[in-house]
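Here are a few friendly notes to read with the model open beside you.

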Amino acid sequence: MHPLHRHIIQNNNVTWNDYTPLIIGGKDLGRVHKNVASLLCGAKLLVEANSTLTLKDESPDVDGRTQQLRTILHLLIEKKFIAKERFEAYSVATSFKDAPVALVDRALIPALGFVAYGVHCNGYIKKDNGIHLWVGKRSSDRATDPGKYDHMIAGGQPHGLSARENLAKEAHEEAGVPANIIEHARSVGCITYAKAQPNGIRRDVLFTYDLKCPDDFTPRNVDGEVENFRLMKADEVLRLIHTGNDFKFNVNLVLIDFFIRHGIIGSDEAGYAELCASLHNYLT
(Lines give C-alpha, C1' and ligand atoms only; values in the text may rest on other atoms or scores of the structure.)
Protein backbone atom coordinates (compact mmCIF):
# COMPACT_ATOMS: atom_id res chain seq x y z
CA MET A 1 0.00 0.00 0.00
CA HIS A 2 1.26 3.48 -0.86
CA PRO A 3 1.89 5.65 2.24
CA LEU A 4 -0.59 8.25 0.98
CA HIS A 5 -3.34 5.64 0.87
CA ARG A 6 -4.19 6.60 4.46
CA HIS A 7 -5.91 9.71 3.07
CA ILE A 8 -8.02 7.49 0.82
CA ILE A 9 -9.06 5.41 3.82
CA GLN A 10 -9.92 8.50 5.88
CA ASN A 11 -12.20 9.75 3.10
CA ASN A 12 -13.84 6.38 2.33
CA ASN A 13 -14.78 5.05 5.75
CA VAL A 14 -18.47 4.21 5.33
CA THR A 15 -20.17 1.17 6.88
CA TRP A 16 -22.93 0.88 4.31
CA ASN A 17 -25.18 -1.25 6.54
CA ASP A 18 -25.70 1.85 8.70
CA TYR A 19 -27.50 3.61 5.81
CA THR A 20 -30.82 3.08 4.04
CA PRO A 21 -31.49 4.14 0.43
CA LEU A 22 -33.83 7.11 -0.01
CA ILE A 23 -36.05 7.06 -3.11
CA ILE A 24 -37.43 10.38 -4.37
CA GLY A 25 -39.36 10.80 -7.60
CA GLY A 26 -38.87 7.08 -8.22
CA LYS A 27 -35.08 7.52 -8.24
CA ASP A 28 -32.48 6.10 -5.84
CA LEU A 29 -30.91 9.33 -4.56
CA GLY A 30 -30.04 9.29 -0.88
CA ARG A 31 -28.35 7.24 1.83
CA VAL A 32 -29.82 7.99 5.27
CA HIS A 33 -28.11 7.00 8.51
CA LYS A 34 -30.21 4.76 10.75
CA ASN A 35 -30.37 7.42 13.49
CA VAL A 36 -31.71 10.06 11.09
CA ALA A 37 -34.09 7.54 9.48
CA SER A 38 -35.52 6.60 12.88
CA LEU A 39 -36.16 10.25 13.77
CA LEU A 40 -37.76 11.14 10.43
CA CYS A 41 -39.92 8.03 10.29
CA GLY A 42 -41.06 8.70 13.86
CA ALA A 43 -42.00 12.24 12.81
CA LYS A 44 -43.91 10.77 9.83
CA LEU A 45 -41.81 12.68 7.31
CA LEU A 46 -40.31 9.50 5.84
CA VAL A 47 -41.71 6.02 5.41
CA GLU A 48 -39.62 2.83 5.39
CA ALA A 49 -40.70 -0.25 3.42
CA ASN A 50 -38.75 -3.04 1.73
CA SER A 51 -35.44 -1.68 3.11
CA THR A 52 -35.87 1.70 1.40
CA LEU A 53 -37.14 5.11 2.48
CA THR A 54 -39.55 7.44 0.70
CA LEU A 55 -41.10 10.80 1.50
CA LYS A 56 -44.39 10.49 3.36
CA ASP A 57 -47.19 11.38 0.89
CA GLU A 58 -44.60 12.50 -1.63
CA SER A 59 -45.52 15.50 -3.75
CA PRO A 60 -45.76 14.87 -7.50
CA ASP A 61 -43.73 17.97 -8.47
CA VAL A 62 -40.33 19.56 -7.84
CA ASP A 63 -41.67 22.50 -5.81
CA GLY A 64 -43.67 20.25 -3.54
CA ARG A 65 -40.79 17.84 -2.91
CA THR A 66 -38.51 20.81 -2.27
CA GLN A 67 -40.89 22.03 0.44
CA GLN A 68 -41.02 18.55 2.00
CA LEU A 69 -37.24 18.53 2.23
CA ARG A 70 -37.30 21.99 3.83
CA THR A 71 -39.59 20.60 6.52
CA ILE A 72 -37.07 17.81 7.14
CA LEU A 73 -34.25 20.37 7.28
CA HIS A 74 -36.01 22.46 9.91
CA LEU A 75 -36.78 19.42 12.08
CA LEU A 76 -33.17 18.25 11.94
CA ILE A 77 -32.00 21.75 12.91
CA GLU A 78 -34.47 21.75 15.80
CA LYS A 79 -33.19 18.34 16.94
CA LYS A 80 -29.56 19.53 16.54
CA PHE A 81 -28.67 16.97 13.89
CA ILE A 82 -27.81 19.98 11.68
CA ALA A 83 -26.24 23.18 12.97
CA LYS A 84 -27.97 25.73 10.75
CA GLU A 85 -29.46 26.45 7.34
CA ARG A 86 -26.93 27.47 4.67
CA PHE A 87 -29.35 29.19 2.24
CA GLU A 88 -27.64 27.62 -0.77
CA ALA A 89 -29.84 25.54 -3.09
CA TYR A 90 -28.37 22.28 -4.42
CA SER A 91 -29.88 19.96 -7.02
CA VAL A 92 -31.08 16.50 -6.04
CA ALA A 93 -30.67 14.41 -9.18
CA THR A 94 -29.31 11.10 -10.43
CA SER A 95 -26.39 12.79 -12.22
CA PHE A 96 -24.89 16.24 -12.61
CA LYS A 97 -26.63 17.19 -15.87
CA ASP A 98 -30.03 15.67 -15.05
CA ALA A 99 -32.99 17.86 -14.15
CA PRO A 100 -33.49 17.94 -10.37
CA VAL A 101 -36.30 16.01 -8.74
CA ALA A 102 -36.05 18.54 -5.89
CA LEU A 103 -33.87 21.36 -4.59
CA VAL A 104 -32.36 21.14 -1.13
CA ASP A 105 -30.45 23.41 1.22
CA ARG A 106 -26.75 22.60 1.26
CA ALA A 107 -26.89 21.82 4.98
CA LEU A 108 -29.25 18.88 4.42
CA ILE A 109 -27.07 17.10 1.84
CA PRO A 110 -25.02 14.94 4.27
CA ALA A 111 -27.97 14.13 6.54
CA LEU A 112 -29.90 12.54 3.66
CA GLY A 113 -26.78 11.33 1.85
CA PHE A 114 -27.41 12.98 -1.51
CA VAL A 115 -24.53 13.12 -3.99
CA ALA A 116 -23.01 16.61 -4.02
CA TYR A 117 -20.63 18.23 -6.49
CA GLY A 118 -17.86 20.77 -6.15
CA VAL A 119 -14.99 22.43 -8.00
CA HIS A 120 -11.33 22.33 -6.90
CA CYS A 121 -8.57 24.18 -8.73
CA ASN A 122 -4.83 23.68 -8.30
CA GLY A 123 -3.23 27.09 -8.81
CA TYR A 124 0.47 26.70 -9.58
CA ILE A 125 3.50 28.22 -11.26
CA LYS A 126 6.67 26.67 -12.66
CA LYS A 127 10.11 27.88 -11.65
CA ASP A 128 13.61 26.63 -12.42
CA ASN A 129 13.46 24.55 -9.23
CA GLY A 130 10.13 22.96 -10.10
CA ILE A 131 6.41 23.38 -9.49
CA HIS A 132 5.10 25.67 -6.75
CA LEU A 133 1.47 25.62 -5.56
CA TRP A 134 -0.60 28.49 -4.25
CA VAL A 135 -2.02 27.32 -0.91
CA GLY A 136 -4.66 29.10 1.15
CA LYS A 137 -5.05 28.90 4.92
CA ARG A 138 -8.70 28.50 5.89
CA SER A 139 -10.16 31.09 8.24
CA SER A 140 -10.60 30.10 11.88
CA ASP A 141 -14.38 30.58 11.68
CA ARG A 142 -14.91 27.88 9.02
CA ALA A 143 -17.33 25.09 10.02
CA THR A 144 -15.12 22.50 8.29
CA ASP A 145 -11.40 22.16 9.06
CA PRO A 146 -10.77 25.73 10.30
CA GLY A 147 -7.17 26.87 10.05
CA LYS A 148 -6.11 24.08 7.71
CA TYR A 149 -4.54 24.50 4.28
CA ASP A 150 -6.74 24.54 1.20
CA HIS A 151 -6.57 24.92 -2.57
CA MET A 152 -6.31 28.33 -4.14
CA ILE A 153 -9.90 27.86 -5.37
CA ALA A 154 -12.57 25.41 -4.17
CA GLY A 155 -16.28 25.42 -3.52
CA GLY A 156 -19.52 23.49 -3.59
CA GLN A 157 -21.67 23.36 -6.71
CA PRO A 158 -24.98 25.24 -6.33
CA HIS A 159 -28.04 24.76 -8.48
CA GLY A 160 -28.30 26.99 -11.54
CA LEU A 161 -24.62 27.32 -12.44
CA SER A 162 -22.44 25.26 -14.75
CA ALA A 163 -19.21 23.93 -13.26
CA ARG A 164 -17.25 26.52 -15.26
CA GLU A 165 -19.47 29.37 -14.10
CA ASN A 166 -19.10 28.18 -10.52
CA LEU A 167 -15.32 27.97 -10.89
CA ALA A 168 -15.21 31.58 -12.10
CA LYS A 169 -17.43 32.70 -9.21
CA GLU A 170 -15.32 30.91 -6.60
CA ALA A 171 -12.10 32.13 -8.23
CA HIS A 172 -13.20 35.74 -7.80
CA GLU A 173 -14.64 35.31 -4.28
CA GLU A 174 -11.89 33.19 -2.76
CA ALA A 175 -8.75 34.31 -4.53
CA GLY A 176 -9.46 37.49 -6.51
CA VAL A 177 -8.69 35.72 -9.78
CA PRO A 178 -9.89 37.80 -12.76
CA ALA A 179 -11.84 36.33 -15.65
CA ASN A 180 -8.95 36.65 -18.11
CA ILE A 181 -6.86 34.32 -15.92
CA ILE A 182 -9.41 31.75 -14.74
CA GLU A 183 -10.56 31.14 -18.32
CA HIS A 184 -7.24 29.31 -18.85
CA ALA A 185 -7.98 26.72 -16.14
CA ARG A 186 -7.91 23.19 -17.60
CA SER A 187 -10.51 20.60 -16.65
CA VAL A 188 -8.46 17.55 -15.61
CA GLY A 189 -11.00 15.04 -14.28
CA CYS A 190 -12.85 14.34 -11.07
CA ILE A 191 -12.37 12.74 -7.65
CA THR A 192 -15.05 10.75 -5.82
CA TYR A 193 -15.32 9.63 -2.21
CA ALA A 194 -17.87 8.57 0.40
CA LYS A 195 -16.99 9.81 3.88
CA ALA A 196 -19.02 8.94 6.97
CA GLN A 197 -19.99 11.79 9.25
CA PRO A 198 -21.88 11.81 12.56
CA ASN A 199 -25.41 10.76 11.54
CA GLY A 200 -24.67 11.44 7.87
CA ILE A 201 -22.45 10.86 4.87
CA ARG A 202 -20.63 12.92 2.24
CA ARG A 203 -20.95 11.33 -1.20
CA ASP A 204 -18.96 13.87 -3.20
CA VAL A 205 -17.82 14.37 -6.77
CA LEU A 206 -15.10 17.01 -7.12
CA PHE A 207 -14.51 18.44 -10.59
CA THR A 208 -10.79 19.21 -10.72
CA TYR A 209 -8.91 21.91 -12.62
CA ASP A 210 -5.29 22.98 -13.08
CA LEU A 211 -4.50 26.66 -13.49
CA LYS A 212 -0.96 27.66 -14.44
CA CYS A 213 -0.88 31.16 -13.00
CA PRO A 214 1.08 34.11 -14.39
CA ASP A 215 4.34 34.60 -12.50
CA ASP A 216 3.30 38.08 -11.42
CA PHE A 217 -0.13 37.05 -10.07
CA THR A 218 -0.74 36.82 -6.32
CA PRO A 219 -4.12 35.58 -5.05
CA ARG A 220 -6.02 37.68 -2.51
CA ASN A 221 -9.04 36.68 -0.51
CA VAL A 222 -12.25 38.59 -1.15
CA ASP A 223 -14.98 36.83 0.88
CA GLY A 224 -13.09 36.07 4.11
CA GLU A 225 -12.95 32.28 3.75
CA VAL A 226 -9.14 32.30 3.60
CA GLU A 227 -6.80 34.07 6.02
CA ASN A 228 -3.87 34.23 3.62
CA PHE A 229 -2.14 32.60 0.67
CA ARG A 230 1.39 31.33 0.38
CA LEU A 231 3.38 29.88 -2.48
CA MET A 232 4.76 26.47 -1.51
CA LYS A 233 7.12 24.17 -3.35
CA ALA A 234 5.39 21.01 -4.52
CA ASP A 235 7.93 18.96 -2.56
CA GLU A 236 6.95 20.78 0.64
CA VAL A 237 3.24 20.19 0.00
CA LEU A 238 3.91 16.52 -0.69
CA ARG A 239 5.90 16.23 2.55
CA LEU A 240 3.02 17.76 4.51
CA ILE A 241 0.44 15.33 3.16
CA HIS A 242 2.85 12.45 3.79
CA THR A 243 3.53 13.36 7.41
CA GLY A 244 0.38 14.95 8.79
CA ASN A 245 -3.16 16.25 8.29
CA ASP A 246 -2.39 19.90 7.61
CA PHE A 247 -4.79 20.14 4.64
CA LYS A 248 -8.59 20.10 4.56
CA PHE A 249 -9.68 16.46 4.39
CA ASN A 250 -10.68 16.27 0.70
CA VAL A 251 -7.92 18.58 -0.54
CA ASN A 252 -5.44 15.76 0.12
CA LEU A 253 -7.15 13.65 -2.55
CA VAL A 254 -7.04 16.39 -5.19
CA LEU A 255 -3.37 17.05 -4.42
CA ILE A 256 -2.52 13.36 -4.72
CA ASP A 257 -4.18 13.38 -8.14
CA PHE A 258 -2.18 16.50 -9.11
CA PHE A 259 1.10 14.90 -8.05
CA ILE A 260 0.30 11.73 -10.01
CA ARG A 261 -0.56 13.65 -13.19
CA HIS A 262 2.56 15.81 -12.96
CA GLY A 263 4.88 12.87 -12.31
CA ILE A 264 5.79 13.96 -8.77
CA ILE A 265 4.37 10.66 -7.53
CA GLY A 266 5.87 8.11 -9.92
CA SER A 267 4.75 4.76 -11.29
CA ASP A 268 7.74 2.96 -9.74
CA GLU A 269 6.51 3.70 -6.22
CA ALA A 270 4.96 0.80 -4.32
CA GLY A 271 1.16 0.92 -4.37
CA TYR A 272 1.05 3.42 -7.26
CA ALA A 273 -1.67 1.65 -9.31
CA GLU A 274 -3.90 1.13 -6.28
CA LEU A 275 -3.46 4.76 -5.27
CA CYS A 276 -4.52 5.95 -8.74
CA ALA A 277 -7.59 3.71 -8.79
CA SER A 278 -8.68 4.64 -5.27
CA LEU A 279 -9.34 8.27 -6.21
CA HIS A 280 -12.44 7.15 -8.11
CA ASN A 281 -14.53 5.16 -5.64
CA TYR A 282 -18.15 4.18 -6.11
CA LEU A 283 -20.71 6.31 -4.28
CA THR A 284 -23.03 3.38 -3.57
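1. A definition to start: the expected span of a helix is 1.5 Å times one less than its number of residues. Please keep in mind that this is a predicted model. In it, α3 (62-78) has 17 residues and runs 24 Å from its first C-alpha to its last, close to the 24 Å expected.

2. Which residues of α3 are buried? They are G64, R65, T66, Q68, L69, I72, L73, L75 and L76. Do have a look at what surrounds them: these buried residues pack against β1 (19-24), α2 (34-42), β3, β4, β6 (102-105) and α4 (109-112).

3. Just after α3, K80 adopts a positive phi of about 65 degrees.

4. The loop between β4 and α3 holds D57. This residue has a positive phi of about 50 degrees, although it is not a glycine. Is D57 buried or exposed? Its relative accessible area is 64%, and exposed means over 50%, so D57 counts as exposed.

5. S51 is not a glycine either, yet its phi is positive, at about 65 degrees. With a relative accessibility of 56%, S51 is exposed as well.

How values were computed: Residues are numbered from 1 along each chain as its sequence is written. This is a predicted model: local features need pLDDT of at least 70, side-chain atom pairs count only at pLDDT 80 or more; totals for chains, interfaces and linings use all residues. Side-chain values use heavy atoms; hydrogens and water are left out. Buried means under 20% relative accessible area, exposed over 50%, partly exposed in between (1.4 Å probe, protein chains only). Helices (H or I, at least four residues) and strands (E, at least two) are DSSP runs, numbered from the N terminus. Contact means heavy atoms within 4.5 Å.
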